[in-house]
Amino acid sequence: MSTKNTISPAAARSHTRKSKPDSSSIILIKKFILVLFAGFFAWAYQTALPPPPKTVGSPDGPPITSPRIKLRDGRHLSYTESGVSKDKAKYKLIFVHGFNLNKYHNPFAAKASPALVEELGVYFVAIDRPGYGESDPDPKRTVKSLAFDIEELADHLNLGPKFYVAGYSMGGQIVWSCLKYIPHRLAGAVLIAPGINYWWPNLPSNLTNEAFSGQLPQDQWSLRVAHHLPWLSYWWNSQKWFPSFSFIDEVHAALSSSDIAVASKLFAAMDPDQLQAWNKQPRQQGEFESLHRDLNIGFGKWDFDPIDLKNPFPNNDGSIHIWQGDEDLIVPVTLQRYIAHQLTWVKYHELTGTGHLLPFADGVIDSILKELLTKQN
């Protein structure tokens, strides 16, 4: 008689049941995950946090090499003068530089005919925008703040009740702010290839989408970050995993063939010291307070749209001009045309066969001065 080894159902369940980790192991795992996440976010925060700027005039900072005024809030604004002497000047013009440039990138000083400047009697003052060159950063900088800095500079230098302003590229955006906030102080204004914010609400979406898609992919992403996630701009434009804004990386793929020809001629005429000052001084205090903040403000959320501006000279006692190259690959000519068409009181000048560097092309600055000063008066 054979016997079978039988296992009771209870014993079978006991044999196949998996052992459960004790509660202390679960708590340790949760703590480990929590510490891991906390460490990651601490690392991410530190990575996204920009370093403090290098203070101009400090032992570890860049030297002061040009005059500066002290503004009401304690910041210093650096400037240079050119043209005829201020006391003899018939016209006084403040120039505002563009992105990754400074007060020495002044086409009125570099390219205007000395004979024409003397004949017209023009005095120029070019500034370093906050955080650039030798001007102190402005952590509270807004779309409107530099307009009031310019007004304060004009009063400090005794330029009189009215003066002219000219801005190039992103400096042209500052001229829109001057037209908005200090129009009563302006005798006239020039916007040279002024930067365009793709998120200005009055621009048609079909035009902005087409123009935006024509930008370099790396620039599209940098502008999206500046507009939607400005707190991430420093990290985005300083990390090395993928390309950042092309003009920060000094990638010149956005320059047209005419721009390259102009730049080659311009740089060939410079000595090594001049060339080094052009390339290094704009961002010598650090890239965040100059370049990254520039992107955040220029392509961020504005409190006005230039297309909503009213004519500051209804009695024709002044004029506003936009100059644009039809081969500009940085500022889309289609959007510039639209803005000029909407603002019928703006005199629009489009130059054939020129790119973004049009103010440094031969003869262009003389034409700008003649249009602004001789035809107006």
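The dialogue below goes through the cavity and then the salt bridges.

A: This is a predicted model, in which local features need pLDDT of at least 70 and side-chain atom pairs count only at pLDDT 80 or more, while totals for chains, interfaces and linings use all residues. Residues are numbered from 1 along each chain as its sequence is written, and side-chain values use heavy atoms, with hydrogens and water left out.

Q: How many cavities of 30 Å³ or more does the structure hold?

A: Rolling a probe the size of a water molecule over the atoms shows where empty space is left. A cavity here is a set of points, on a 1 Å grid over the protein atoms alone, where a 1.4 Å probe fits but cannot get out; lining residues have an atom within 4 Å of a point. Grid points are joined across faces, edges and corners, and the volume is the space filled by probe spheres set on the points. The structure holds one cavity of 30 Å³ or more, and the volume of the largest cavity is about 80 Å³.

Q: Which residues line the largest cavity?

A: The lining has 13 residues, and those nearest the centre are Arg 141, Gln 173, Ile 174, Ile 297 and Gly 298. Helices α6 (170-181) and α12 (287-298) each supply at least two lining residues; α6 gives the most, with four. Helices are DSSP runs of H or I with at least four residues, strands are runs of E with at least two, and both are numbered from the N terminus.

Q: How many salt bridges are there?

A: Side chains of opposite charge can pair when their charged atoms come close. The rule asks for a side-chain nitrogen of Lys or Arg within 4 Å of a carboxyl oxygen of Asp or Glu. The count comes to 15 salt bridges.

Q: What does Asp 294 pair with?

A: Asp 294 forms a salt bridge with Arg 141, with the closest N and O atoms 2.6 Å apart. Asp 294 lies in helix α12 and Arg 141 in the loop between β4 and α5, so the pair ties together parts 153 residues apart in sequence. Both residues are buried (under 20% relative accessible area, with exposed over 50% and partly exposed in between; 1.4 Å probe, protein chains only).

Q: Is Lys 265, which pairs with Asp 362, buried or exposed?

A: Lys 265 is exposed, at 52% relative accessible area. The Lys 265 and Asp 362 side chains meet at 2.4 Å, N to O.

Note on methods. On a 1 Å grid over the protein atoms alone, a cavity is a set of points where a 1.4 Å probe fits but cannot get out, and a pocket is an open set with protein on both sides within 12 Å along at least five of seven lines; lining residues have an atom within 4 Å of a point.
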